[in-house]
Amino acid sequence: MKKLFSTLAATLIAVAASHSQAISSERYITDELHVPMRSGQGNEFRILHRGLPSGTKLTLLQDSPDTGWAQVRTPGGEEGWVRRQYLEEEPVAKLKLAQAEARLQHIESLQGNLGGEVRRLEDTNTKLTTALKAEQERATALAKELKELKSLSSDAVALNQRHQKLLHQHELLKQKQAMSQAEIQRLSGSETHKWYMYGALSVLMGAILAMAAPHFRPRKRHSEWAN
């Protein structure tokens with residue numbers, strides 16, 4: 001029995017020691033108006049701070065549930081003891097409200113910025129859409145011009161081929177004309193020579209007839225001359 005009592009006492013001492021050991025976490029002053037901070041665990045100890053306002057963020061250094069006190073450190077670095085009943089693990093409603101309002105303002109600011117960004121993107125999209133439409137119209141016009149140029153180019157090729165063909169025919173006609181003129185000249189020269197031969201033959205025939213004509217004249221009878 002004595003041994004069991006000793007074991008139970010050791011367990012209680014260990015539990016108390018574990019609650020009294022140093023803890024590094026955060027606590028907040030409750031919604032009470034002000035909480036005094038003392039130099040020790042009891043109302044008889046000297047007050048170090050007349051009253052910590054509600055919502056003050058403190059660093060928990062040591063927690064003693066058996067005495068009802070907790071050692072804390074203020075944001076300014078001052079250390080002391082306060083009643084555990086005034087500490088909360090979560091921020092109080094006032095602080096939560098302030099944080100919520102701050103978050104709300106931040107969200108509203110982001111929404112405002114996003115709204116401005118959306119309007120800017122919409123304006124940019126409108127400008128890009130207009131530019132795209134203009135480029136599409138320009139591309140359509142260029143495609144039409146290209147089609148016309150291809151048509152003109154094919155016509156030009158056909159005209160050039162016909163021109164070359166006509167030039168070839170013209171050259172052939174010139175050659176035929178030259179051959180015809182040469183033949184005409186040849187025939188003209190032959191015809192002139194023929195007429196020269198005819199003329200010479202006529203003269204010769206005339207001369208022969210002139211020489212032969214006296215021999216063919218009839219002679220007069222002497223009786224007739226006598227009468």
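Visitor: How many salt bridges does a search of the whole structure find?
Guide: The search finds two salt bridges in this predicted model.

Visitor: Which residue meets Arg84 in a salt bridge?
Guide: The partner of Arg84 is Asp63, and their side chains meet with an N to O distance of 2.5 Å. The pair links distant parts of the chain, 21 residues apart. Arg84 lies in the loop between β6 (79–83) and β7 (87–88), whereas Asp63 belongs to strand β4 (residues 57–64).

Visitor: Is Asp63 buried or exposed?
Guide: Asp63 is buried, because its relative accessible area of 10% falls under the 20% limit.

Visitor: And what is the relative accessible area of Arg84?
Guide: For Arg84 the value is 32%, so this residue counts as partly exposed.

Visitor: What about Glu79, which residue does it form a salt bridge with?
Guide: Glu79 pairs with Arg73, and the closest N and O atoms are 3.1 Å apart. Glu79 is partly exposed at 37% relative accessible area, and Arg73 is partly exposed at 30%.

Visitor: Why can such side chains pair at all?
Guide: Side chains of opposite charge can pair when their charged atoms come close.

Visitor: A change of topic: which residues make up the largest nonpolar core?
Guide: That core has nine residues, namely Val35, Met37, Leu52, Leu58, Leu60, Ala70, Val72, Val82 and Leu87.

Visitor: Which elements give two or more residues to this core?
Guide: Those elements are β2 (34–38), β4 and β5 (69–73). Strand β4 also holds Asp63, from the salt bridge with Arg84.

Definitions and conventions
Residues are numbered from 1 along each chain as its sequence is written. This is a predicted model: local features need pLDDT of at least 70, side-chain atom pairs count only at pLDDT 80 or more; totals for chains, interfaces and linings use all residues. Side-chain values use heavy atoms; hydrogens and water are left out. A salt bridge is a side-chain nitrogen of Lys or Arg within 4 Å of a carboxyl oxygen of Asp or Glu. Helices (H or I, at least four residues) and strands (E, at least two) are DSSP runs, numbered from the N terminus. Buried means under 20% relative accessible area, exposed over 50%, partly exposed in between (1.4 Å probe, protein chains only). A nonpolar core is a set of buried Ala, Val, Leu, Ile, Met, Phe, Trp, Tyr and Cys residues joined through side-chain atoms within 4.5 Å.
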